[in-house]
Every structure is written in C-alpha cells, then in structure tokens.
Amino acid sequence: MSPGVTVREDTEVPPGPDPGPGELALVLHTHMPYVEGFGTWPFGEEWLFEAMATSYLPLLDVLAREDAAVTLSLTPVLCDQLEAPGVADRFLAFLRDVRAETHRRDIEGCRDGAPELVAELEASARDYEWADERFEAIGRDLLGALAPHASWTSAATHAVLPLLATDGGLELQVATGIASHRRRFGDWGGGFWLPECAHAEWLGPGLVELGVAAVCVDLTDVLGPGATAEPLERDGGPTLVPIDREIVDLVWSDRGYPAHGTYRDYHHHTIHHHRPWANDGSRYDREAARALAREHARRFVGRVKARLDEGRRRRRQPSLCVCALDTELLGHWWHEGVPWLDAVIDEAGAQGVALTRLDDALARREPAVLEDPLPVTSWGTPRDLSTWDGPAVSGFAWRARAAELQVAAAGEAAGERALRELLALQSSDWAFMVARGLAGDYPRERAKGHASALHAALAPIGSVEANPRNLAPQLSRTAL
C-alpha cells in the first residue's frame, strides 16, 4: 500500500458475485464539442458525422453483447447534438451525397495513378454505406440506441472544473449535466466523468452536494505506477477511482497499439480525406489489420490479468483495473479499435478476466481512506492543468473566467443566451486543440466568437436573437 493510503480495518466486501482474482472495468468516455452550425469541413458538424459513422454506430453491436459489461459515459453536449432538430437528415445527406461523391472522385483519380489503392477505397465507401443502413435500422435515432448503455454523465460542455471561477459556475456546469442525463436516460447512479479527469480537492463538497458519488482520476504521478487501483475517498468528497495508466498506455499513447505499422494511418489521406494507407506507408491491408487487432486484444487481456494477479498478491483481496478511453479512439481515430474491443471481450472470457461495469465494482468495495492531500491532477501531459492554462493557452482560461464573473455579476439579468454562450466558451476542447496544434485557427475563432456573443447578450442596450442551437436545452437556472 502506498504512503498516505490506509484501509479501514473493518472493510468488508458487500455481497455480490465473486470477482475472483479481480475485475477489469472498461470505461468509454464519449464526447464531442458543440459543432452544429459552426464551420465547415473538416471541423464543422461533419466532424460529428464522422464520429457517428466510424465510431458510435459500429460500437452499438459490441455494446449489445450480453457479456459486454462496459461503462459508457455520454457527455451532455454530445447528446445535445445527437438530438438536435434535423440532425438525422443532415447525417444521411453527408453519407449519401458527400461521402459517396468523395469516394467516387478518389477512386476515379487512383485508377490511373495508383490502382493498388482502389480496392481499399471501395471498401471504405462500403463502410459509409453500412453506416447508412445501420442508422436506418435503428430508426435514425442514435441517441436512443445508446440510451440503454449510458450510465455516467459529465459537465454540461466539458469544462475543466478546477479552472472555473465561482461555485455558481461549478453548479451551472454540473447541475445542467446531471439534469440533462436524468431527462434523457432516467436513473443515475452518481457516476460523473470529470472532464479531462481534472480533479482538485476543493471540488469535492460541491460535487457531492449535487449528487456526484464517484469520479475517475489519474493519480499515477501522485501514488506511483504500482500504487493501488482501488477506490479512494478524501475528506467527504466523491469516491475517487484511479485509472490504471500502465494499462491505458497500451492502447492510448504515442507507442500504443494504434501506432503499429499494420494499422490504418489516420494522418495520411487522399485529396478527399480518405485513408488507404497503413502506418508504415504501404497499402492498407484490412485482413492483416483485423488479425493484428485480435492479437493485441489477447496481449492486452494478458497484461490486465497480470496486473490483477499482482494486485491481489499485494493486497490479499480482489483488485480492480480501470481502463478509461475516449470512445472516439475506437473507430474514428483508430480504425481497428472497435474490432479490438470486441476481441477484448472474447479474450476476457477465454483468459478468465471478469469484466465489470464500474458502478457494480464500486458497490462491492469500500473505499480506502486517503490521508494526505492531493495536488490538482488531470490526464493531460504533464498530468496537471497546463494543457488548458499554460502559457500557450492562458488566454482561454482568463477569458472564460472573466466571462463567468461577468455573468455572475449580472445575476438574474443574465438571460439564457448569455448562460449558453458561457457554457460553450468554457469547453475544454478549444484550449486542448491549440495546445496540441490541432484544427488551425478553428478553436481560437470558436472561443472568441462565444465570448463576443456572451458580451452582446449582456449588453444593456439592444437585443440578441434567440439562440437557435440545441446547446444545453436542460439549462440549470438555479446556478449563476
């Protein structure tokens, strides 16, 4: 046991299925910033449509497996977009018009210059045709198809909560997110995804007061890579569930499985943004990539089993391994990610590793007491808040905090338009994209635009048209 962590002497495991040597909790964090009506390819709503076609729809068949004990977190801002008026028609138009035509053009262009790529481009076109058929088969209701699997929620627009300026700002983000989940999905067990896993101890009381029971955190650099993966508690805050960074990095790191030369190269694309090449520069071979995904699933479960065995020997009790991934990694960024996940479920059964939903695992465990104070942490690089408030992006944090204070000062005079623009401005995605050198000027333009719209909404003279977008329809009016 690591320094600063003590386990109550009266700890007992509540009744439930015997987890044997331990359990693996796969947590899929599903999120997309608000892009409806903002920009064009490749950063506008087409960005959402790509995730729907390549990640969310393929994932449905895996989630439907009886043995797929996977924890699915859906951010409210993603749900807002999946139920936006007209989104189904726009998505189908993207598949049938845009993607069909761009594939046709690329295939035609390659027949003379690079005929070896034609077969893969034709297969890629069929992927989008399949997405069309799958979407029609679920009644054009992707959110409804995901609903039976949704158990965790998050902040309204994925704000980095430790960077908020006021208690009211925290309540606006968290209460709106929880209300959104309950309206759409009904029961909620208190599982709350901290955006970017950004945790600070002073958040605890406010989160608990709003009903949050458990959050995931990355404490690798605090407790050490060999530290407990068991749930923790600290000064009356929600249960802290450490993710297993060693296991996560097998999949999600610069040297993780998706970087293998056989897998499809996300970054190397044709004129019309199709990807017929492998990471090693060769023509992409689907069968070889699928076979490798199954092999990587076997290795992954083997490593998890070794971690669980190690944990049980060290603590003499069933251990827990939490592997949290962005859902969009599977399929959208890593083309073979969904088949890999499907194979992981097969391998877990074959190798005797118990898969569990995180809420069920927590119900069987009493949190260990964490004695020492925790620093502010995240799963950024490094694992602090510098990805979102470091020198290169400090303007994002200052702008959002200043806007939050302006809205708080306006009190009841701040209308719903101002609140929604504040929520949009607080999204963690804008600073993240700038810090990682992604999306060009798009994130700066988005943040600047929301700040300007917020100021206009607060202006004492003149008027601002009602916001036509579907952002945060379940707005919490009890906060700021």
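Let me start with helix H16, residues 428-435, and helix H17, residues 442-458: their axes come within 8 Å and cross at roughly 150°. Axes here are lines fitted to C-alpha atoms, for helices over the stretch in contact, with angles from 0 to 180 degrees between N-to-C directions. Helices are DSSP runs of H or I with at least four residues, numbered from the N terminus. H16 and H17 are therefore roughly antiparallel to each other, a label for angles over 145 degrees.

On the H16 side, Trp 430, Met 433 and Val 434 meet Tyr 442, Pro 443, Arg 444, Arg 446, Ala 447 and His 450 of H17. Contact means heavy atoms within 4.5 Å. By class, that contact has six nonpolar, one polar and two charged residues. Ala, Val, Leu, Ile, Met, Phe, Trp, Tyr, Cys and Pro count as nonpolar, Asp, Glu, Lys and Arg as charged, and the others, Gly among them, as polar.

A word on the source. This is a predicted model, where local features need pLDDT of at least 70 and side-chain atom pairs count only at pLDDT 80 or more, while totals for chains, interfaces and linings use all residues. Residues are numbered from 1 along each chain as its sequence is written, and side-chain values use heavy atoms, leaving out hydrogens and water.

Next pair. Helix H3, residues 87-113, packs against helix H4, residues 118-137, at an angle of about 170°, with the axes 9 Å apart. H3 and H4 are therefore roughly antiparallel as well. The contact includes Phe 91 and Leu 95 of H3, and Tyr 128 and Phe 135 of H4. Its residues divide into twelve nonpolar, two polar and seven charged.

Which residues touch the most other members of the largest nonpolar core? They are Leu 142, Phe 300 and Trp 340, in a core of 107 residues. Helix H1, residues 45-63, gives the most to this core, with twelve residues. A nonpolar core is a set of buried Ala, Val, Leu, Ile, Met, Phe, Trp, Tyr and Cys residues joined through side-chain atoms within 4.5 Å. Buried means under 20% relative accessible area, with a 1.4 Å probe and protein chains only. Beyond four places in sequence, the contacts of Phe 300 include Leu 24, Ile 247, Tyr 257 and Trp 340. A second, separate core has 23 residues, among them Ala 155 and Leu 232.

Last, Thr 387, which lies in helix H13, residues 386-389. Thr 387 is buried, at 7% relative accessible area. Leaving aside neighbours within four places in sequence, its contacts include Val 393, Ala 431 and Phe 432.

Definitions and conventions:
Buried < 20%, exposed > 50% of the residue type's maximum accessible area, 1.4 Å probe, protein only. Helix = DSSP H or I, 4+ residues; strand = E, 2+ residues; numbered from the N terminus. Parallel < 35°, antiparallel > 145°, perpendicular 65-115°, else oblique.
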